[in-house]
Amino acid sequence: MKYTRVDGKNNKHKVLIYAISTCAWCKMTKKFLNDSEIQYEYVDVDMTSDEDHEKIKQHILNRGGELSYPTIIVDDRVVITGFRKDKIKEALEI
Amino acid sequence: MTQSVIARQRAESDARTNGCYLNPDKDFLDDLFQGIVKNEERYGYPLCPCRLATGKLDFDADVICPCIYRDIDVLEYGCCYCALYVRKDVYEGKTTIGPISERRPKELQIRAYGTAGQTAKPSPVSIGTLSEKPKEMASENLAQPTEVNRKAWYCRQCGYVSYREIPPYICPICKAKQEMFARLEIGADFRG
């Protein structure tokens, strides 16, 4: 699976975004993290294979998330569904 | 005329017909239309830009923009799932919106994950997990995907006509409930 890493000054937490390449909310989420200089990785789920879809589904559901995008996973523990700025800020301590 | 302009005109026309508005945030709207056009190129139909597709029309029919969940989402939350369509007070800047919960039943969402071995003919799916009460009429109609877009429903209260597989959950014009919709029989008589 292709993870794209975006470098940022703040790498205190491990941040992963599952996104859809055409999704405006996902784009806003990435922009927010870019503007906040957060380091993160993302996967555009619609650009991955069927096999990867299954892995992504399991990853999200196993951590109590929903199959909605963007899904932001912080430190492989905290799952945030949707571009919820307050929750993202809280999880990233910014 | 670019595909994005065509998609916008189509959405504007649909919003006018259905008593809702397009998102007033121009940049956000541009992103959405770009996504819809990209999906139309990829799949052959304007799939919701914020949802994962199977690429199989029968599986994706309910989330082709405008999705069948739009009217009730706009009414309840002020915007549809991707926020392309909004309610009047949101359009006028009186209410702000954020991401909303996915109303699409999980059994429909899950089809986009590993459908390679599945046939393109979906089994009938009940929409009983919607927050609205399940409608026998609706699940009966979902069982016949080949008749998508050939059905018409009219609101017995205001006369609004909806060309959809199932009637709207709520009338976008007079807010009557789904029960107020009746099937509109369309026929042609070619006798002289």
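In what order do the 5 strands of the open sheet in chain A stand? The order is E1-E3-E2-E4-E5, and the pairing is mixed. The model is predicted.

- From one strand to the next, the twist averages 20°.
- E1(A) and strand E3 (residues 40-44) of chain A run antiparallel and are joined by 3 bridges.
- A:Val6 has A:Tyr40, in E3(A), as its bridge partner.
- Helix H3 (residues 85-92) of chain A packs on the sheet, where it touches strand E4 (71-74) and E5 of chain A.
- The direction of helix H3 of chain A makes about 165° with that of E5(A).

**Chain B**
- Chain B contains 7 helices and 5 strands.
- Along the sequence, the pattern of chain B reads α-β-α-α-α-β-α-α-α-β-β-β.
- Of the 192 residues in chain B, 38% are buried.
- Among the contacts in chain B with a separation of 6 or more, 45% are between residues 24 or more positions apart.

**Where the chains touch**
- On chain A, 19 residues are in contact with 19 residues of chain B.
- Helix H1 (24-35) and helix H2 (50-62) of chain A each supply at least two residues of the side of chain A that touches chain B.
- H2(A) gives the largest share of that side, 4 residues.
- The residues of the side of chain A that touches chain B comprise 8 nonpolar, 4 polar and 7 charged.

Methods: Residues numbered from 1 in each chain as written. Chains lettered and ligands numbered in written order. Predicted model: local features only at pLDDT ≥ 70, side-chain atom pairs only at ≥ 80, totals over all residues. Contact = placed C-beta atoms within 7 Å. Nonpolar A, V, L, I, M, F, W, Y, C, P; charged D, E, K, R; others polar. Buried ≥ 20, exposed ≤ 12 C-beta atoms within 10 Å, placed from the backbone. Pairing = 2+ DSSP bridges. Axes fitted to C-alpha atoms, helices over the stretch in contact; angles between N-to-C directions.
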